Amino acid sequence: RGIFLQLGAFSSRNNAENFRGRVKREFAQVDGLKGEIDIELRANLYRVQIGPYATRALANADSEKIREAVEIKPVLVVR
């Protein structure tokens with residue numbers, strides 16, 4: 001539970017795993033990213049998310065870093 005950034009959602013676990021591997025490599029160049037990249041199955045979709053974050057402000061700060069570094073636009077998720 002907490003605040004997460006969703007990076008992508010896939011109908012196939014394999015596609016989600018491949019995407020997670022790719023973003024892990026790309027995120028190595030992003031300074032100060034917090035949280036683990038996990039896959040959560042919900043509503044028949046494998047959701048690739050990073051977190052949890054203590055506050056929305058911290059999540060938004062990492063969202064900006066991600067957008068600038070790897071051109072992915074994360075979606076803020078509270079669960």
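**Reading the core**

Mentor: The largest nonpolar core holds 18 residues, and Leu 7, Val 23, Phe 27, Val 48, Ile 50, Ile 66 and Ile 72 have the most contacts inside it. Strand S1 (3-10), helix H1 (13-27), strand S2 (36-42), strand S3 (45-53) and helix H2 (56-70) each contribute at least two of its residues. This is a predicted model, in which local features need pLDDT of at least 70, side-chain atom pairs count only at pLDDT 80 or more, and totals for chains, interfaces and linings use all residues. Residues are numbered from 1 along each chain as its sequence is written, and side-chain values use heavy atoms, with hydrogens and water left out.

Trainee: What is a nonpolar core?

Mentor: The term denotes a set of buried Ala, Val, Leu, Ile, Met, Phe, Trp, Tyr and Cys residues joined through side-chain atoms within 4.5 Å. Buried means under 20% relative accessible area, exposed over 50%, and partly exposed in between (1.4 Å probe, protein chains only). In soluble globular proteins, nonpolar side chains tend to be buried together. Here, buried residues make up 39% of the 79 residues in the chain.

Trainee: Which residues does Val 23 touch, leaving aside those up to four places away in sequence?

Mentor: A contact requires heavy atoms within 4.5 Å. Val 23 touches Leu 7, Ile 37 and Ile 72.

Trainee: In what order do the elements run from the N terminus?

Mentor: Helices (H or I, at least four residues) and strands (E, at least two) are DSSP runs, numbered from the N terminus. In this chain the order is β-α-β-β-α-β, with two helices and four strands.
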